[in-house]
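Trainee: I have a predicted model to read and would like to go through it with questions. Could we take them one at a time?

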Amino acid sequence: MTRANFSSALRFTALAAIMGLGLSAAAQAEPSQRAMDIAHKYPIVDGHIDVPYRMQNHWENVTQATKGGDFDHPRALKGGLDAPFMSIYIPATKEGKGAKELADVLIDQVEAIVYRAPNKFAIARTADDIRNNFNAQKISLPMGMENGAAIEGDLKNLTHFFNRGIRYITLAHSKSNHISDSSYDESKIWDGLSPFGVEMVKEMNRLGIMIDVSHVSDAAFYHSLKVSQAPVIASHSSLRHFTPELERNVDDKMLKALAKNDGVIMINFGSFFLTEAAMNWANKHNAAKQAFETLQGDNLTEEASQRFDDNYKQRFPYPFATIADVADHIDRAKKLVGIDHIGLGSDYDGVGDTLPEGLKDVASYPALIDELLKRNYKEKDIEKILGGNALRVMEAVEALAAKSH
C-alpha cells in the first residue's frame with residue numbers, strides 16, 4: 001500500500017494512541033482532512049532540521065516519541081514529513097579547530113538513527129532515493145552541511161563528505177570563513193567567495209553537491225550564482241522585505257536572481273526571520289543580555305544568565321510569528337518569481353523557542369497547508385512547495401554531475 005492511499009485519519013488516531021493522547025485531544029489538534037491528505041500524498045522535503053547537533057548536546061532517541069525537541073518519528077509521521085535534511089551543523093568557532101571531526105561525528109549520529117530503526121528511516125543520497133523511500137513508507141534522512149568549515153581548505157575532504165552522504169553545503173555560518181563571507185559578520189574579508197571557495201563551488205558542481213547560499217553575504221550570494229553551473233538553494237532563509245535590516249534573509253533582487261538560476265528559496269519558520277517585531281525583540285534582548293553579562297564579569301554563572309532570560313521574557317513577552325506570516329513570505333515569493341522557486345526550510349531544532357504559533361514542531365505541516373488552501377493555492381502548487389521544487393533542484397545537480405564524469 002503506497003503512502004498516497006494510506007488513510008490520514010487512521011494514521012492520526014494510531015499516533016494519538018502511541019503518544020497517549022485522548023481522541024478528543026487528537027481531534028482538536030487535527031487540521032482539515034484535505035490538508036492531512038495532501039501532506040501524506042506527496043513527499044514533504046524540509047531543507048533544514050538540526051536534529052544531529054541537538055542529539056550531540058542532549059541525546060534522545062528520535063526513533064520514538066521524545067519529550068523535547070521539534071522532531072521525532074511519531075511527529076514526523078503525523079505531519080507527513082518525508083525528507084528532512086539533517087543539518088550537519090559546524091559552529092563558526094570550529095573553523096580550524098576540529099571541524100572535520102565534528103562533522104563526521106554528526107554524520108555518525110544520523111546513520112545511528114537509521115541503524116536503530118531501519119523500518120522507519122533510511123539514508124537518502126538522491127532524489128530517487130527520497131521517492132523510493134516515500135513509496136516504501138520510510139522517512140528519508142538526506143544530509144546537508146551547515147558551514148563549510150569542515151572542508152578545511154582541502155577538496156579531498158569535499159569528496160570524503162560527498163561519499164558520506166552530504167548533498168548540500170552552506171558555505172559559511174555566523175562568521176566569514178576560508179570559503180565565503182558571512183551575512184552576520186561585519187568583516188567581509190573576501191568580498192564574496194575566497195579563491196578556494198570558487199574552486200570548491202566548481203568541485204561541488206562536479207561531484208553533485210548543492211550550493212547553499214543561506215547565511216552568506218550578499219556579495220557571496222551573487223558570486224556563488226556566477227560560479228555555479230547548477231541551480232543553488234537557500235536551504236533555510238526567508239524574505240528581507242519583511243525584515244528590512246536582516247542581511248541573513250534574501251531581498252527581492254536576490255530572489256529574482258535565484259529564480260533566474262532556477263534555484264529555490266526554502267522558507268525559514270523562525271519568528272526572527274519572519275517579522276520585524278521578532279527581529280527587533282531579539283536584537284534588544286541580545287544587547288541587554290550582553291550588557292548584563294559584562295556587568296557580571298567573573299561572577300557570571302549559567303544560572304544567572306538563564307534567570308536573566310526568564311525575567312526578560314516575562315517583562316517583554318516574545319512576539320511570536322504566526323502561520324499567516326509564513327504564508328505571507330510564500331505569497332510574496334510567488335508574486336515575484338512564481339511557484340517553481342519556493343520550498344520549506346523550517347530550521348526545526350535550530351531556532352529554539354521562536355517558532356510561530358501553530359508551527360511548533362514537525363507535526364505541523366498540515367496546518368501550513370490549510371493556510372495555503374485558504375489562500376486558494378492549487379494542490380499542484382502546494383505539492384511543489386512541499387517538496388517538488390527541492391527535488392527538481394536535486395535532480396538538476398545530479399544531472400550536471402553525471403555529465404562531468
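Trainee: The charged end of Lys360 sits over the ring of which residue?
Mentor: A charge sits over a ring if NZ of Lys or CZ of Arg is within 6 Å of the ring centre and within 35 degrees of the ring normal. The charged end of Lys360 is 3.9 Å from the centre of the ring in question. That ring belongs to Phe320.

Trainee: Before we go on, which atoms do side-chain values use?
Mentor: This is a predicted model, where local features need pLDDT of at least 70, side-chain atom pairs count only at pLDDT 80 or more, and totals for chains, interfaces and linings use all residues.

Trainee: Which ring has Lys334 over its face?
Mentor: The distance from Lys334 to the ring centre is 4.3 Å. The ring is that of Tyr377.

Trainee: How many aromatic pairs are there?
Mentor: Rings of Phe, Tyr and Trp (its six-membered ring) pair if their centres lie within 6.5 Å; planes under 30 degrees apart count as stacked, over 60 as edge-to-face and the rest as tilted. By this rule the number of aromatic pairs is 14.

Trainee: What kind of aromatic pair do Trp281 and Tyr318 form?
Mentor: Their centres are 4.9 Å apart, and the angle between the planes is 80°. The pair is therefore over the limit of 60 degrees. It counts as edge-to-face.

Trainee: How many residues apart in sequence are the parts that this pair ties together?
Mentor: Helices (H or I, at least four residues) and strands (E, at least two) are DSSP runs, numbered from the N terminus. Trp281 is in helix H13 (residues 276–296), and Tyr318 is in the loop between helix H14 (302–315) and H15, so the parts that the pair ties together are apart in sequence by 37 residues.

Trainee: Are Trp281 and Tyr318 buried or exposed?
Mentor: Relative accessible area decides this: under 20% is buried, over 50% exposed and in between partly exposed (1.4 Å probe, protein chains only). Trp281 and Tyr318 are both buried.

Trainee: What kind of aromatic pair do Phe292 and Phe308 form?
Mentor: The distance between the centres is 4.9 Å, with 20° between the planes. This pair is stacked.

Trainee: Which helix holds Phe308?
Mentor: Phe292 lies in helix H13, and its partner is 16 residues away in sequence. Phe308 lies in helix H14.

Trainee: Why does Phe308 count as buried?
Mentor: Anything under 20% counts as buried. Phe308 is buried because its relative accessible area is 15%.

Trainee: How much space lies in the largest pocket?
Mentor: On a 1 Å grid over the protein atoms alone, a pocket is an open set of points where a 1.4 Å probe fits, with protein on both sides within 12 Å along at least five of seven lines; lining residues have an atom within 4 Å of a point. Grid points are joined across faces, edges and corners, and a volume is the space filled by probe spheres set on the points. For the largest pocket this comes to about 1,200 Å³.

Trainee: Which element gives the most to the lining of the largest pocket?
Mentor: The lining has 35 residues, and those closest to the pocket centre are Gly350, Val351, Gly352, Asp353 and Thr354. Two or more lining residues come from each of helix H4 (51–57), helix H12 (271–274), H13 and H14. With six residues, the element that gives the most is H13.

Trainee: Which side chain makes a polar contact with the side chain of Arg332?
Mentor: Arg332 lies in helix H15 (residues 323–337) and is buried, at 18% relative accessible area. A polar contact is a pair of N or O atoms within 3.5 Å; within protein, one must be able to donate a hydrogen and the other to accept it, and residues adjacent in sequence count only if both atoms are side-chain atoms. At 3.5 Å, the partner of Arg332 is His241.

Trainee: What is the relative accessible area of Ala220?
Mentor: Ala220 lies in helix H10 (residues 218–227). Contact means heavy atoms within 4.5 Å, and, leaving aside neighbours within four places in sequence, Ala220 is in contact with Ser180, Asp181, Gly192 and Leu193. Ala220 is buried, and its relative accessible area is 0%.

Trainee: What is the phi of Asp347?
Mentor: Most residues other than glycine have a negative phi. Asp347 lies in the loop between strand S10 (342–344) and helix H16 (365–374) and counts as buried at 6% relative accessibility. Although Asp347 is not a glycine, its phi is positive, at about 70°.

Conventions. Residues numbered from 1 in each chain as written. Heavy atoms only, no water.
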